[in-house]
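Open your viewer and get ready to click along. We will go from stop to stop, selecting a few residues each time and looking at what is there.

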Amino acid sequence: DAGFEALGATITQSNDAQVTQDLLAINDCDESGVGDNAAECGTDTRNAIEEISQSNNAPNVADDYIQNNLLAISQDIDAQNNCDESGDGSNGDTSATCVSEVVNNILAVTQHNGAQGSGSADISQVNDNTGMNQDLVADNTCDQSGPGTNLALCSNSAENGIAPITQFNSASADLFSDITQKNDAAYSQGIDENNDCDESTLVTGSENNEANCDNDALNLVEPIGQSNAATANDDSSIDQDNNADVSQNIVADNNCDSTGTHTAVCSNSISVRNVIEGLVQTSAATSFDTAVILQSNDAVICQDMTLLNDCDETELGSNDASCSNIDPTNIIGPISQTNAATGEDSSVITQSNTIDVSQNIEGTNDCDESGIGSNLAICETRLTNTIGKITQSNLVGSLSGTDVETQSNLFSLTENLVATNDCDETGSADNVANCSITASNTVGDITQTNTASSNIL
């Protein structure tokens with residue numbers, strides 16, 4: 001806290017935190033020569049940051065305020081299990097087990113700047129956590145080559161989590177006022193998962209790929225709250241911004257090709273999700289004579305997902321593989337943007353709300369069969385993009401003498417779903433593969449309100 005400084009004092013307060021966490025975990029459990037690979041390989045790796053709170057306060061400073069809260073966090077995990085089997089023997093007597101559980105977690109973050117001031121006041125306050133990056137890589141390699149069956153069990157479970165984020169600026173000021181307040185938040189979450197469970201043996205009697213490969217992935221951002229208040233008063237001006245930029249990306253692959261009979265189960269399950277639970281951006285103001293008020297709320301959100309199950313079968317035997325992308329989902333909860341104002345004489349008020357959302361999912365099952373035998377593969381893809389309620393509101397309370405007033409709400413949206421099941425069969429046999437696709441894009445209610453001006457959708 002700062003207070004009771006002399007007239008003309010300039011108070012600069014800053015909190016700056018930078019955190020980097022990196023983990024590398026490798027299990028090398030390969031087996032070669034005569035014998036089975038019955039290894040059990042597991043990685044359980046976690047980066048965690050407990051609650052972070054940053055606060056500045058200057059309740060009784062007579063002149064300038066400059067207050068900043070700055071936060072940058074980087075979390076990275078690379079987890080690998082290598083459980084290949086080569087030579088005479090199966091990969092797993094009952095099964096080789098390769099399991100990766102990787103978690104990046106940031107608990108609640110709070111950033112607050114408070115101020116009051118009086119004569120000749122000038123206030124500048126910023127909350128910035130634009131360097132929040134979380135990346136996870138999880139690879140399981142469970143190939144089997146040579147005479148034998150691939151019985152491996154390979155799974156990845158990956159989660160990036162950011163708990164509720166709160167950014168808040170208050171102010172007050174007075175004569176010869178001027179207030180500039182800003183909340184900036186930018187988060188990037190990435191997950192890359194791969195299970196490689198091929199079986200390659202060309203012998204007279206068929207060998208089987210019975211591997212079970214599964215990916216779970218979750219990028220989660222819990223509710224984000226950004227708010228600015230102000231008051232200012234004479235010789236006023238108020239400029240307030242809330243900016244949020246969130247990017248989430250998941251790549252999940254299962255490679256389960258076989259040169260013999262193929263009964264592998266490969267899935268990217270219902271737990272593969274990009275989730276933003278909600279966003280609230282609010283700016284109030286007040287001002288008075290010779291008021292100018294400019295306020296803006298901006299949100300940019302991008303969610304991308306690429307999923308592949310590659311379960312081809314070549315030469316001897318049928319392809320009975322089961323490949324599925326079951327309900328991977330991009331989810332964005334309700335988004336609310338609100339600007340209020342008041343103004344007074346010599347007013348100009350400009351207020352804007354902008355939301356730009358992109359959601360993309362590509363899900364592919366590739367279950368081809370070539371050579372002698374039927375293609376009995378089961379390939380299923382169900383993909384969903386979902387956006388909750390959108391509310392954008394601009395309100396000008398009074399305004400007054402020589403008023404000018406410009407207000408706008410803009411909501412732009414791109415949703416793309418690409419679902420492919422490729423279940424070709426070549427050679428002398430029937431193709432009785434079972435392939436299905438279900439895909440949906442959903443947007444909740446959209447409400448845009450101005451006391452005047454335009455809505456653009």
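## Stop one: a cysteine on the inside

Select Cys 213 and show its surroundings: setting aside neighbours within four places in sequence, Cys 213 is in contact with Cys 154, Asn 195, Cys 197, Asn 254, Cys 256, Val 265, Cys 266 and Ser 267. Keep in mind as you look that this is a predicted model.

Now colour by secondary structure. Cys 213 belongs to strand 16, which covers residues 212–221. Is Cys 213 buried or exposed? Its relative accessible area is 0%, and because buried means under 20%, Cys 213 counts as buried.

Ser 155 and Cys 213 lie 58 residues apart in sequence, yet their C-alpha atoms are 5.6 Å apart in space.

## Stop two: zoom out

How many helices and strands does the chain have? There are zero helices and 35 strands.

The chain has 457 residues, and 51% of them count as buried. Cys 213 is one of the buried residues. Contacts across the sequence are worth a thought here too: take the contacts between residues at least 6 apart in sequence, and 86% of them join residues at least 24 apart.

The accessible surface of the chain is about 16,900 Å², and carbon and sulfur atoms account for 49% of it.

## Stop three: charged partners

Side chains of opposite charge can pair when their charged atoms come close. The structure holds four salt bridges, and we will visit some of them.

Select Asp 44, Arg 46 and Glu 101 together, and show their side chains. These residues are linked in a network of salt bridges. Here is what to look for:

- Between Arg 46 and Asp 44, the side chains meet in a salt bridge with an N to O distance of 3.0 Å.
- Between Glu 101 and Arg 46, the closest N and O atoms of the salt bridge are 3.9 Å apart. This pair links distant parts of the chain, with Glu 101 in strand 7 (residues 97–106) and Arg 46 in strand 3 (residues 40–49), 55 residues apart.

How open to the outside are these residues? Asp 44 is exposed, with a relative accessible area of 52%. Arg 46 is partly exposed at 48%, and Glu 101 is partly exposed at 35%.

Now jump to Arg 382 and Glu 380. Their side chains form a salt bridge at 2.7 Å, N to O. Arg 382 is partly exposed, with 25% relative accessibility, and Glu 380 is partly exposed, with a relative accessible area of 25%.

Which residues form a negative surface patch? Select Asp 178, Asp 234, Asp 235, Asp 289 and Asp 345 to see it. Then focus on Asp 235, found in the loop between strand 17 (224–228) and strand 18 (238–255). Asp 235 is partly exposed, with a relative accessible area of 40%.

For a nonpolar patch, select Leu 413, Val 443 and Ile 446. Together they have about 190 Å² of accessible area. Leu 413 sits in strand 31 and is partly exposed at 32% relative accessibility.

Most residues other than glycine have a negative phi.

Select Ser 287. Its phi is near 70 degrees, a positive value in a residue other than glycine. You will find Ser 287 in the loop between strand 22 (279–283) and strand 23 (293–310). Is Ser 287 buried or exposed? Ser 287 is buried, at 0% relative accessibility.

Finish with Ser 400, which is not a glycine but has a positive phi of about 115 degrees. Ser 400 is also in a loop, the one between strand 30 (390–394) and strand 31 (405–422). With a relative accessible area of 30%, Ser 400 is partly exposed.

Note on methods: Residues numbered from 1 in each chain as written. Predicted model: local features only at pLDDT ≥ 70, side-chain atom pairs only at ≥ 80, totals over all residues. Heavy atoms only, no water. Patch = residues over 30% accessible without salt bridge, like charges linked within 9 Å, V, L, I, M, F, W, Y side chains within 5 Å. Areas by Shrake-Rupley, 256 points an atom, 1.4 Å probe, with all protein chains shown as cover. Lys, Arg positive; Asp, Glu negative; His and termini not counted. Charge placed at Lys NZ, Arg CZ, Asp CG, Glu CD. Helix = DSSP H or I, 4+ residues; strand = E, 2+ residues; numbered from the N terminus. Buried < 20%, exposed > 50% of the residue type's maximum accessible area, 1.4 Å probe, protein only. Contact = heavy atoms within 4.5 Å.
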